[in-house]
Amino acid sequence: MTAGITLTDTANGTTAEHELAALQREHGRPLFALLLRLSDGDRQRAEDLVQETLVRAWQHPEALRADDFDSVRPWLLTVARRLAIDARRARQARPPEVGDAVLENAPVCADHAERATAALDVREAVKTLTPEHREVLVLVYFQGASVAEAAAALGIPPGTVKSRAYYALRAMRRVLPGYAADLR
């Protein structure tokens, strides 16, 4: 913008629209070039900062009075540089944004609440078994004993251990219908 042009709209005290357009035409390219460098080549961010710089010029027409200096470019470049610095600091102050692709490939962690609820349900179901079935089930499935080891520990034949384990699991399936619906 050159000397001799007034930038204020007398009705509302803001920069006139045609004057702002002239400011953009005359100083837009140098502003964009500076902001593109300060934005590490991010064109969209640089364009946004150019617009924000011009909004500041529109909001503060008193800073652009032509009789105070020959060119408004130094003021615009200073405002633009400060806006770029503020934008960089704001980006560094918050965690970086991640795209949807990163979230889609993220490993899914098991839900501990579901596992804890299932364990409570199984405990309650085990309490409903007869003591003989419970002993076999605890030895074979929860403590990992073999059929022969469970038979020796309980003093019963291995076939009885297998039979009690079968009937214990069958009773558990009836008590826990949502867990083993496909095993009936």
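Reply: Val147, Ala150 and Ala151 in helix α7 meet Pro158, Val161 and Lys162 in helix α8, where contact means heavy atoms within 4.5 Å. Helices (H or I, at least four residues) and strands (E, at least two) are DSSP runs, numbered from the N terminus. The model is a predicted one, in which local features need pLDDT of at least 70 and side-chain atom pairs count only at pLDDT 80 or more, while totals for chains, interfaces and linings use all residues. Residues are numbered from 1 along each chain as its sequence is written, and side-chain values use heavy atoms, with hydrogens and water left out.

Of the residues in this contact between α7 and α8, 5 are nonpolar, none is polar and 1 is charged; here Ala, Val, Leu, Ile, Met, Phe, Trp, Tyr, Cys and Pro count as nonpolar, Asp, Glu, Lys and Arg as charged, and the others, Gly among them, as polar. Helix α7 covers residues 147-154 and helix α8 residues 158-175, and the two pack at an angle of about 105° with their axes 8 Å apart. The axes are lines fitted to C-alpha atoms, for helices over the stretch in contact, and angles run from 0 to 180 degrees between N-to-C directions. The two helices are therefore roughly perpendicular to each other, given that angles under 35 degrees count as roughly parallel, over 145 as roughly antiparallel, 65 to 115 as roughly perpendicular and the rest as oblique.

Helix α6 (residues 131-142) also comes into this picture, through Leu139. Leu139 is buried, with a relative accessible area of 16%; buried means under 20% relative accessible area, exposed over 50%, and partly exposed in between, with a 1.4 Å probe and protein chains only. The C-alpha atoms of Leu139 and Glu149, which are 10 residues apart along the chain, are separated by 8.7 Å.

The largest core has 18 residues, of which Leu23, Leu35, Val50, Ala57 and Leu76 touch the most other members. Helices α1, α2 and α3 each supply at least two residues of this core, and the largest share, 6 residues, comes from α1. Apart from this core lies another, of 9 residues, and among them are Val136, Val140, Ala150 and Val161. In general, nonpolar side chains tend to be buried together in soluble globular proteins.

How values were computed
Core = buried A, V, L, I, M, F, W, Y, C linked by side-chain atoms within 4.5 Å.
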